[in-house]
Amino acid sequence: MTGLVSDRLAAARRSRLIKRATECALFADALVAEQLPFQVLYLLGPGGVGKTTLLHEFAQLAKAQQLTAIYLDGRHLEPTPELFLVNLQQAMGLKPPQTPQQALAALESRLVLLVDTYELLSKLDPWLRDEFLTHLPSNVLVVLASRYPPAVEWRTDPGWRELMRVLPLRNLTPTEGQLFLEKSQIPAEQHGAILAFTRGHPLALALVADVFKQHPTMHFEPTAAPDIIAPLVERFIQDAPSVLHRQALEACALVRLMTEPLLATLVQSPDAYELFTWLRTLSFIESEWRGLFPHDLVREALTADLRWRHPERYAALLQRARTYYLAHVTQSDSQLQQQALSDYLYLDRDNPLVRAYFEWQESGMIFTDALRPSDRQAILTMIDEHEGPIAARLATHWLSMQPEGVYVLRNAAGAPQGVAITVALEQVTAEARALDPAVQQAALYLSNLGLQQERAIFVRFWLARDHYQAVSPIQSRIFLQMVQQALTTPGLVYTLIACAEPDFWANIFTYINFSRIPAADFTIGGKRYGTYGHDWRTLAPLAWLQRLGESSGMEAALGTDAPPTPAHALLSEAEFTTAVRNALRDLTNPTALVHNPLLNTRLLSQAAGGSATLPQRVTALQQLLRETGATLQSSPRNLKLYRALHHTYFQPAATQEQAAELLDIPFSTYRRHLGAGIAYIVTALWQREIG
């Protein structure tokens, strides 16, 4: 009797599977525990690190315990409760009218529910967390695998904080990497060079294996470039049908989403069907309903390689893409226009200045909408929390006076997550201006320029619910809306923008040709706000957008010839704890700190900036530890913990015994205070690392 194809596929996958011992042991122990130690296991890691492979191994471990494992992939699910339950019903082999809830409630043994690519189900996250999971029997273990950390609601809820375990997935260890190479039948004498070059990244190792499969007699020679993917991809596609196919791949790496018409424009071919079809066959190319895109690491590597190797072609592709998007920016459909704007600005992602102030939204989690009557209270609550009751009262006035100038940023459920309240200054009466010092100052400034009746937009309020005016996907979406409003407002002469922290935005506003206007600054509730503005008579919106792209493209092409920095290190909680303890021990010794793994974490990238040098990262780590410890001083109860840290690490005594003497407490008490202080810093920093 012949077997099934699925059985052969499973056998082929397992033949090259490298079992992650630590992660598998954690999962296996949970399966056999008398009571599940956690209800949700959250696998966190970037694309290509092996989350899907590990989920399939978890399913095999459950099967070995004669337990049922159900696998769902977010790429194949519509993020609605109804369709999620339909897919779960089908995966469980149930027939209507039996529901998954009924079947799960009747279970006598444990069941494992594995949800892959969970980042694409962000719209479903509140329902799954607050409704679906809370009604499951306690013998169901749920594993979620995502590129992004769990939402803040998981981490702030005391119950879920206890019942969820976050498990960062790291690169393979040298032993695991060597085992993978052995299973891939790569000659042993080449293992050392390959492991040193790939640093255990599963995708890089897989690409090496694919190259050797095509060229078994090749000799692996790492290049001097520090990125790990570009030379592997170069070897992998060296048999591409033509130079045009290679250029198609480079073009695909440059834009956010590749469509067939866009590809035809970029490679200057009247018919790109064959090229587009070939791209879809590549193992590192993924797709969604809007187009194709390469794996993140492959994208970065190809872009860096092209920028360094052939800057002229890099600049030419950028210009063709900009021209394509500019043609679509002028279309009438608001959503398509905003998508074209977002794709246009995505071309500037390698510009360090733009990258520092803009986040490109993924997965369609936030959308822009008009004001609804039901939004008023949520908007006023946001403004009250961030700017105070006086500002909220002023906002009430403009919500009523000019509701058409209000743009609400919503999540998938329709709830307001941010807002931009714009005021058409030429429509405001003198009496209305007098009610709001901000509008009064803006109108006075324009009047002094001789602009009383000309069309002018004042972005009076703009903020995200959770991040106010800090850099965030919502802030970036608001900025896109500002540009779109300028492009679609006939006869617009001036745009002004109020900022709570004008100095923070100085670099980016200067770069985009918005001038600081101190004469239009204002004070509300004791807080002084700054204003920026642009005179569209000097550079019209479409020409301004084109000029912005040209200058950014020139900087990206000529100002950077270094490949991208390596991906962040993902430490386990135990490794992270050890690293923090060692960093405290070496706090006053920068030479020792350069070897601390915290320097390559997401936490330090945020603290120091993605392009920071090694000395800058060391300094940022020292400052981060001191500042985190200093927060203990705000509580009289915790002040004793801070003092123990201060005399041990921040301004250390010669010995711990002397530190106890300085504090005038018994040595055992000092050790207890010190341990509690260290635990506080570890917990605070770990929460920031995973969230």
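A salt bridge here is a side-chain nitrogen of Lys or Arg within 4 Å of a carboxyl oxygen of Asp or Glu.

The model is a predicted one, so local features need pLDDT of at least 70 and side-chain atom pairs count only at pLDDT 80 or more, while totals for chains, interfaces and linings use all residues. Residues are numbered from 1 along each chain as its sequence is written, and side-chain values use heavy atoms, with hydrogens and water left out.

In total, the structure holds 17 salt bridges. One of them joins Asp-343 to Arg-256, at 3.0 Å from N to O. This pair ties together distant parts of the chain, 87 residues apart: Asp-343 sits in helix α18 (residues 334–346), and Arg-256 in the loop between α13 (243–254) and α14 (260–266). Helices (H or I, at least four residues) and strands (E, at least two) are DSSP runs, numbered from the N terminus. Asp-343 is buried at 9% relative accessible area, and Arg-256 is buried at 9% as well.

Glu-426 and Arg-455 make another salt bridge, their closest N and O atoms lying 3.6 Å apart. Here Glu-426 is in the loop between β10 (416–424) and α22 (430–434), and Arg-455 is in strand β11 (residues 455–464), 29 residues apart. Glu-426 is buried at 18% relative accessibility, whereas Arg-455 is partly exposed at 33%.

Finally, Asp-369, Arg-372, Asp-375 and Arg-410 are joined in a salt-bridge network.

How values were computed: Buried means under 20% relative accessible area, exposed over 50%, partly exposed in between (1.4 Å probe, protein chains only).
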